[in-house]
Amino acid sequence: MTLKPEAGRRLLSTMWRIRAFEERVVQLKRTLQVHGLIHLSIGGEGVAAGVCCQLRDDDAVYSGHRGHGHAIAKGVPLTPMMAELMGRVDGLCHGLGGSMHLVDREHGFMGATGVVGGNLPLAVGDALAARLEGGDRVAVVFFGDGAVQSGNFHESVNLAALWELPVVFVCENNGFAEFTSRAEHSTVERVSDVVAPYGFARETVDGSDVAAVWSAFGGFLSQARKHSGPFLLECLTHRRRGHYEGDAQEYRDESAEREWELRDPIARFQAEVRRRKWVGVPTLEVIESGARAEVEEAVELAKASPFPTPELAASLVYA
Amino acid sequence: MSHEIPYIAAIGEAIQLEMARDEDVLYFGQNIATTENDEFLKAFGSDRVRVTPISETAEIGMAIGAALAGLRPVVELYMAEFMLVAMNQVVNEAPRFRYMSGGRVKVPLVLKAGYGFTAGWAGQHTGSIYGMFTGVPGLKVVLPSTAADAKGLMATAIRDDNPVCYFHHYLLTLEHGEVPDGEYLVPFGQAAIRREGGDVTIVATGYMVDKALAAAESLAAEGISAEVIDPRTLVPLDIETILTSVEKTGRLVLVDQATRYGSPAAAIAADVAEYGFSSLKAPIKQVTALDATIAYSEPMEAFVLPDEAKISAAVHQTLGSAPVAA
């Protein structure tokens, strides 16, 4: 699949919206305006944008603890997201879910689970529903390389393959399962190799190359829409921040960090679009400043929202 | 009109009727629909009736995803202990999703699991583990004790918009009972008074209901009038019916096949102590399984579990009277 200028501009603006949102969250967390456990995807925006920008609202995305980017790229509006992170009643989930449990059914962001791997079978079930509905919608699940060693992964992949369900497993392999390197978790380096015996299509791409993610995922998506599946896309990526905000990151190798900085997905793709003459420098600046302004407005609106009141605490336990 | 069928057939009847009524209801699990003659498969086809691998985590997790997408899966788990393999999905995904989403989604799902197979199945297939789920906000917990309730509670469970743990007792499987014909729903949170009485209230669940009724029958011969209450659902719990009964009798014996510490009986005892203390004329008695793994050897199994004699003895203790020698 060939990337065209309009789609390219959308990828760039999506990555900037994610980056601007999360950089602002860093500040808000530091000043305790954002409460609780926060996991950021700065440096990994290429995967979220490359995958989700091709999906429709009726396609289901299941995410995990590091899910802000997936939600934004899937179309979840920034203001209720920011209000949710700030624990406000106008938050996406009325302040009951927080950063790790964003849900926006209208935009097909079906949910994020905080337990590594717990989201994998959910996406398989959603894909089963899609199959029974008979339409062409698909399910996509994001997970890290850490989840691959869990039973959730193996059971879900087996079932999805057995029933040929329209689900795309998107692994963000950032080389760290929480605080431990992949080499200490498994003898299999490439996640795409783990599923080889099932025989379904799989691919490993450079996750910091948004065009490569877009192209590989687009190929799987068009097949999944024709009722085939499952598929696995492994994106070699990086998180520039710690596992969570506040992580001392003693496990990091500084030279590798510098190397990843050069591979930043936004900087790389900006250079690419300039080379292709899709956008000039002034437009690039507008894309970035527009994203930052949108985030700032979201912060102001979120701050104006009150905290939830106690009656909400017990009223939503049962449907 | 009604018909007489075994408890297990009553459960199947409810699932069949609900599947015929609502095409969003799915039924899947291990070892179901393995032959073309399977009645569910014949009636509803292989899209809606699916055999699964031995992958409890994927089965239950997939059911949650299908429920989030608008379907109503019933997962056949056979043994309640198999839910333990998928504890994250049962406890930390299914019941939390609605709440964490601020009410934006619902998870209508039934986990059908047998429990208490105390017939020589030893330590890992005999537990009465429903108490592990009663303390999880968002889950409902159902324990039918009769064929009619087995049908009516299953139908209600399938129509409920929340995850429901439906625990059927293995030793009741072939017990026959009168079951209403056609659509039959038993509401959640409404206890059944199985026998009326004025001297003591006995609360029992599942297989223990028959034991309590047998004890009440022999106590009646001694002139002791016992009221037997079957809560039918532990979540939601009809504590009102229990408190009203205790107000009348002043005495409470709780019979629970689960181990004692942290059991549902203990939770009921706590509620009665808190809200019905002034009605009590004697300390509450709990007749539960011993805090031990169920033993294999038959006499040991009997020693570990509650029975009619233990229930009668507890009633005598609350009345301060000595049991009559048999």
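Biologist: Which residue stands opposite A:Ala60 in E3(A)?

Modeller: Strands are DSSP runs of E with at least two residues, helices are runs of H or I with at least four, and both are numbered from the N terminus; two strands pair if DSSP finds at least two bridges between them. In this predicted model, local features need pLDDT of at least 70 and side-chain atom pairs count only at pLDDT 80 or more, while totals for chains, interfaces and linings use all residues. Residues are numbered from 1 along each chain as its sequence is written, and chains are lettered from A, with ligands numbered from 1, in the order in which they are written. Here A:Ala60 stands opposite A:Ala139 in E3(A), and E1(A) and strand E3 (residues 139–144) of chain A pair in the parallel sense over three bridges.

Biologist: In which sense do E1(A) and E2(A) pair?

Modeller: E1(A) pairs with E2(A) in the parallel sense, over three bridges, and A:Ser63 stands opposite A:Ala112 in E2(A).

Biologist: Which residues are buried in helix H10 (residues 265–275) of chain A, and why are they on the same side of H10(A)?

Modeller: An α-helix has 3.6 residues a turn, so residues three or four places apart point the same way. A residue is buried if 20 or more other C-beta atoms, placed from the backbone, lie within 10 Å of its own, exposed if 12 or fewer, and partly exposed in between. In H10(A), A:Pro265, A:Ile266, A:Phe269 and A:Val273 are buried. They are on the same side of H10(A) because they cover an arc of only 90 degrees around the axis, taken over the directions from the helix axis to the C-beta atoms. On the other side, A:Ala267, A:Ala271 and A:Arg275 are exposed.
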